[in-house]
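Hi,

Here is the model I promised to pass on.

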Amino acid sequence: MYRAGVILSGCGNEDGTSIEEAIMTFLALDSLGVETLCLSLDKEQFEVFDHLAGRAMQMGQKRNILVESARLSPGRIKDIEDTAEDDFDLLILPGGKGVLKNLSTFMDEKIEFRVNSSVQNTIRQAYSDGKPIGATSTAIVVLAKALGSVSPNLKVSVAGQSQSVRAAIEKFGVYYSCEEEICIDRDNHVVTAPHLSGKSLNSMKDTIEVLVKKLVELVER
C-alpha cells in the first residue's frame, strides 16, 4: 500500500487549508487504496478568520496550525519537522488561502515571499527522492517557490489563479506555466490542478480525483 503525505495549513479556506479540497483529496486517495499521513506546522497561524462575518478576528486571537489541521485529518497527523524520508511515497498540498498565510510569507512580502523552511525542506527532499508531488489552487505557488532553485523547467498550472499568484510563479523564470486542466510534468514528477475556489463540489471532486490518479501512476512508473 502506498502512503501519501498531505500538507495541511489549518482548517478553513481563509486561514487554513480549504476543507473541500482536503476532503476531496482524502476521498480520492482512499478510493485508490492509498493511506493518508497528514503533516502540518506546530506554530501559530498568521491570523484567525471569522468565516461567518467574512473578516479577520480581533488581535489577540491565536490558534495553532497543527491543532487546527488535526480537525481535518482522517487519521494520523504529525509535525512536519518530525517527518522522515520513508514516511510517504507521494506528497500533496491542497489549496486554501491559509496555505499562503501559514506556510509562507506571501501575505507580508508578496512576490519576494519565502516558504517556511520545514515545508520547503520536505518538498525538496521528496523531489530529490523522485517522489511525485501534487498541488492544487494557491498551494501551487508554494510548491513552485520551494522548488525554484532545484527543479529546472518546472511546469505548473496557472489556470484560474489571481494576478498576484501568477506574477509570483512567473517571476521565478524557470517555469513554463500552462493553462491545462491538469498539468502533468513527468520530467519533474509534479502534477498540478487549476484554482478550484468557486467550483462546484462535483467539479472539484472530479479534478482532484484525476490529479491523485496521475500521482499514483507516477509512483508506479
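**What I found**

Ala4 has Thr36 as its bridge partner in strand 2. Before going further, a word on ground rules: this is a predicted model, in which local features need pLDDT of at least 70 and side-chain atom pairs count only at pLDDT 80 or more, while totals for chains, interfaces and linings use all residues. Residues are numbered from 1 along each chain as its sequence is written, and side-chain values use heavy atoms, with hydrogens and water left out.

Back to the sheet. Strand 1 and strand 2 run parallel and are joined by 5 bridges. Buried means under 20% relative accessible area, exposed means over 50%, and partly exposed is in between, with a 1.4 Å probe and protein chains only.

Zooming out, 7 strands make an open sheet with mixed pairing, in the order 5-2-1-6-7-11-10; two strands pair if DSSP finds at least two bridges between them. The edges are strand 5 (77-79) and strand 10 (183-185), each with a single partner strand, so one side of each has no neighbour in the sheet. From one strand to the next, the twist averages 20 degrees. At the strand 5 end, strand 2 (residues 35-40) pairs with strand 5 in the parallel sense over 3 bridges, and Ser40 stands opposite Asp79 there.

Two helices to look at against the sheet: helix 5 (residues 117-128) packs on it, touching strand 1 (3-7), strand 6 (90-93) and strand 7 (133-135), and its direction makes about 140 degrees with that of strand 6. Helix 6 (residues 139-146) lies across strand 6, strand 7 and strand 11 (190-192), running at about 140 degrees to strand 7. Angles run from 0 to 180 degrees between N-to-C directions, and axes are lines fitted to C-alpha atoms, for helices over the stretch in contact.

How do helix 1 and helix 8 meet, and at what angle do they cross? The axes of helix 1 (residues 19-31) and helix 8 (residues 201-220) come within 9 Å and cross at roughly 50 degrees. That makes helix 1 oblique to helix 8 (under 35 degrees is roughly parallel, over 145 roughly antiparallel, 65 to 115 roughly perpendicular, and the rest oblique).

Then the loops. Ser137 sits between strand 7 and helix 6, with a phi near 50 degrees, a positive value in a residue other than glycine. At 1% relative accessibility, Ser137 is buried. His189, in the loop between strand 10 and strand 11, also has a positive phi, near 60 degrees, but at 23% relative accessibility His189 counts as partly exposed.

Asn188 is in the loop between strand 10 and strand 11 and is buried, at 6% relative accessibility. Setting aside neighbours within four places in sequence, Asn188 is in contact with Tyr127, Ser151, Pro152, Asn153 and Leu154.

Cheers

Conventions:
Helices (H or I, at least four residues) and strands (E, at least two) are DSSP runs, numbered from the N terminus. Contact means heavy atoms within 4.5 Å.
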